[in-house]
Amino acid sequence: MAEGMSERSTPRTRTLLRARVEFAGGAQTVDCTVRDLSESGARLQIPESAVLPPRFTLFVPKHARRYQALLRWHREGFAGVEFEKDGEGQAAAERPGEDRVAKLEAEVARLRRLIEAIRADPSQARLLLERFDTTLT
């Protein structure tokens, strides 16, 4: 096996996710792409000039998730990271917006139903809007 590589305990899935490395209390960031992802770590594509600290936060906006990561290797525009584990052996991640995202997704679904109802009978738009507890602006 190549240097810095070890047998993985969990399989990685190929991805193409925008992400951001955050460190120094969030004051410094490096934009990156998650190319492989598993429960235990990831392979990141980063600018070749980027210097990463041994420990940092990896923010993946599409998943609304922040992973606490340990740098395991870094070469030729790529870096391998291992996610720190919580007390139950799961990847330590913060999901501060998880509840907010769920509420927003429910609101989007509700608004889509409203739009469908208005399209079905435009003459009832005002009544439908009132019933959905929405005000006209």
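This is a predicted model: local features need pLDDT of at least 70, side-chain atom pairs count only at pLDDT 80 or more; totals for chains, interfaces and linings use all residues.
How many helices and how many strands does the protein have? It has two helices and seven strands, where helices (H or I, at least four residues) and strands (E, at least two) are taken as DSSP runs and numbered from the N terminus. Reading from the N terminus on, the elements follow the order β-β-β-β-β-β-β-α-α.

Residues are numbered from 1 along each chain as its sequence is written, and side-chain values use heavy atoms, with hydrogens and water left out.

Let me begin with the protein as a whole. Of its 137 residues, 31% count as buried, and here buried means under 20% relative accessible area, exposed means over 50%, and partly exposed covers what lies in between, with a 1.4 Å probe and protein chains only. The protein exposes about 9600 Å², of which carbon and sulfur atoms supply 49%; accessible areas come from the Shrake-Rupley method with a 1.4 Å probe, and for residues only the protein chains shown count as cover. Among contacts with a separation of 6 or more, 48% are accounted for by residues 24 or more positions apart, a contact being heavy atoms within 4.5 Å.

Now to the interior. In soluble globular proteins, nonpolar side chains tend to be buried together. A nonpolar core is a set of buried Ala, Val, Leu, Ile, Met, Phe, Trp, Tyr and Cys residues joined through side-chain atoms within 4.5 Å. In this protein the largest such core has 21 residues, and the members that touch the most others are Val21, Val34, Leu44, Phe56, Leu58 and Phe83. Two or more residues of this core come from each of β1 (13-23), β2 (28-37), β3 (41-45), β4 (55-60), β5 and β6. If we take Val21 and leave aside its neighbours within four places in sequence, its contacts include Cys32, Leu44, Leu52, Phe56 and Leu58.

Phe83 also takes part in the one aromatic pair that the structure holds. Its partner is Tyr67, and the two are stacked, at 4.1 Å centre to centre with 15° between the planes. The rule is that rings of Phe, Tyr and Trp (its six-membered ring) pair if their centres lie within 6.5 Å, with planes under 30 degrees apart counted as stacked, over 60 as edge-to-face and the rest as tilted. This pair links distant parts of the chain, since Tyr67 belongs to strand β5 (residues 65-75) and Phe83 to strand β6 (residues 78-83), 16 residues apart. Tyr67 is buried at a relative accessible area of 6%, and Phe83 is buried at 1%.

Two arginines lie over rings, which is counted when NZ of Lys or CZ of Arg is within 6 Å of the ring centre and within 35 degrees of the ring normal. The charged end of Arg66 sits over the ring of Phe59, 4.1 Å from its centre, and Arg75 lies over the face of Trp73, at 4.4 Å from the ring centre.

Asp36, buried at 13%, meets Arg43 in a salt bridge of 2.6 Å, N to O. Arg72 and Glu82 form another, with their closest N and O atoms 2.8 Å apart, and this pair joins strand β5 to strand β6 across ten residues of chain. Both partners are partly exposed, Arg72 at 48% and Glu82 at 31%.

Finally, two loop residues. Most residues other than glycine have a negative phi. Ala64, however, has a positive phi of about 50°; it is found in the loop between β4 and β5 and is partly exposed at 23% relative accessibility. Glu76 likewise has a positive phi, about 45°, and lies in the loop between β5 and β6, where it is exposed at 68%. The C-alpha atoms of Glu76 and Glu48 are separated by 6.2 Å, although these residues are 28 apart along the chain.

Terms used: A salt bridge is a side-chain nitrogen of Lys or Arg within 4 Å of a carboxyl oxygen of Asp or Glu.
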